Amino acid sequence: MALSISRRIVRSFGSLSALGFREYPTVAGRSFQASDLSDQIAGDNLLHAECFSFSKGGPSFLGFRRFSTTIWTPDSNGGAFPSDLLSSKTVLTPERTIGLYEDLVVPVTNFHNEDHGLMVLAGDVFDVPIRKDIIHRVVRWQLAKRQQGTHSTKTISEVSGTGRKPWQQKGLGRARHGSLRGPQFRGGATMHGPKPRSHAFKLNKKVRRLGLKIALSARAAEGKLLVFEDLEVPTHKTKNIVNYVNQMENTKKLLLVDGGPINEKLKLATQNLHYVNVLPSIGLNVYSILQHDTLVMSRDAVNRIVERMHTPINR
């Protein structure tokens, strides 16, 4: 609704043209709209106007301000972008809520930091809720399963020595013994000692699979999950891998995961580096992910991991 004020108040503001307002007469008691004034604006800029109509039994005054909506591109003025339009402030992106099962879009690069497009990571694999208890159970299961269990001690029947009674039962004032192979003698047996066995225990497949998803989601949430087009290296020289790792920010230990068998050049280039390890996608596990602060996966490895996580569990 138009705001009506007296002419005296309008005159007190001085000339309307000096304030940015223009005077337009009313036709049949109707004020001109912004669309009727579009021919007054020169150039290609679109019209965004704040209209103010002043009427009090006489001509109506319609004031407006013009705002430019021209899109500036590097080609607009010879390739130089206006420096006064560039913001010097750091752009802060809002923190993403973890564990909403949302698909993630990540850039795909390579060792030479070349752009190879984008890739969508499945939300049910790379964006699951973080649960430390599941990670603890999976790590304990993994360490127990890989334990060799080859420890062994000898019982009284296995140690070397005679079975003769060392001295007579009575008359010497000594303690009675029937064998020198007992655990109380030097070189004797070990009672209740360890024997070779397996330390593995059962852990449900869905818990093990969930642990891997949580580990991948944690690295993705930290920004420590990188996707490469491939893990091809030009030569087997170790210095190339060292230069690639130095270019990565805040990287102390690096885990490279490829889809299929490891390339021979990559294997030779990384075998002398204690802070760089290489695994095929079939060997990716929770403990290895936790031991390395940065995870680099090839596009093929990501596809194989997602396919493996989506495969129904055989019961």
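The questions and answers below concern salt bridges, strands, contacts and nonpolar cores in a predicted model.

Q: How many salt bridges does the structure hold?
A: Side chains of opposite charge can pair when their charged atoms come close. Among the pairs in this predicted model are R131 with D133 and R219 with E222. Counted over the structure, the number of salt bridges is 6.

Q: What is the N to O distance in the salt bridge between R131 and D133, and are the two residues buried, partly exposed or exposed?
A: The side chains of R131 and D133 meet with N and O 2.7 Å apart. R131 has a relative accessibility of 39%, and D133 has a relative accessible area of 37%. Because buried means under 20% and exposed means over 50%, R131 and D133 both count as partly exposed.

Q: Which residue forms a salt bridge with K195, and how many residues apart in sequence are the parts that the pair ties together?
A: The closest N and O atoms of this salt bridge are 3.1 Å apart, and the partner of K195 is E158. K195 and E158 both lie in the loop between α3 (132–146) and α4 (205–221), so the pair ties together parts of the chain that are 37 residues apart. K195 is partly exposed at 33%, and E158 is likewise partly exposed, with a relative accessible area of 40%. The partner is therefore E158, and the separation in sequence is 37 residues.

Q: In which sense do strands β4 and β5 pair, and which residue of β5 is the bridge partner of V105?
A: Strand β4, residues 104–109, pairs with β5 over 4 bridges, and the sense of the pairing is antiparallel. Within β5, the bridge partner of V105 is V120.

Q: Which residues does T109 touch, leaving out residues up to four places away in sequence?
A: T109 has its place in strand β4, and with a relative accessible area of 18% this residue is buried. Its contacts, with residues up to four places away not counted, are E114, H116, V227, F228 and E229.

Q: What distance separates the C-alpha atoms of T190 and T155?
A: T190 is found in the loop between α3 and α4, and at 37% relative accessibility it is partly exposed. Beyond residues up to four places away in sequence, T190 touches T153, K154 and T155. Although T190 and T155 are 35 residues apart along the chain, their C-alpha atoms are separated by 5.7 Å.

Q: How many residues does the largest nonpolar core have, and which element gives the largest share?
A: The largest nonpolar core has 35 residues, and L121, F126, L216 and M297 are among those with the most contacts inside it. The largest share of this core, 6 residues, comes from α4.

Q: How many residues are in the second, separate core?
A: This second core includes V233, I241, L254 and L273, and its number of residues is 17.

Terms used: Residues numbered from 1 in each chain as written. Predicted model: local features only at pLDDT ≥ 70, side-chain atom pairs only at ≥ 80, totals over all residues. Heavy atoms only, no water. Salt bridge = Lys/Arg side-chain N within 4 Å of Asp/Glu carboxyl O. Buried < 20%, exposed > 50% of the residue type's maximum accessible area, 1.4 Å probe, protein only. Helix = DSSP H or I, 4+ residues; strand = E, 2+ residues; numbered from the N terminus. Pairing = 2+ DSSP bridges. Contact = heavy atoms within 4.5 Å. Core = buried A, V, L, I, M, F, W, Y, C linked by side-chain atoms within 4.5 Å.
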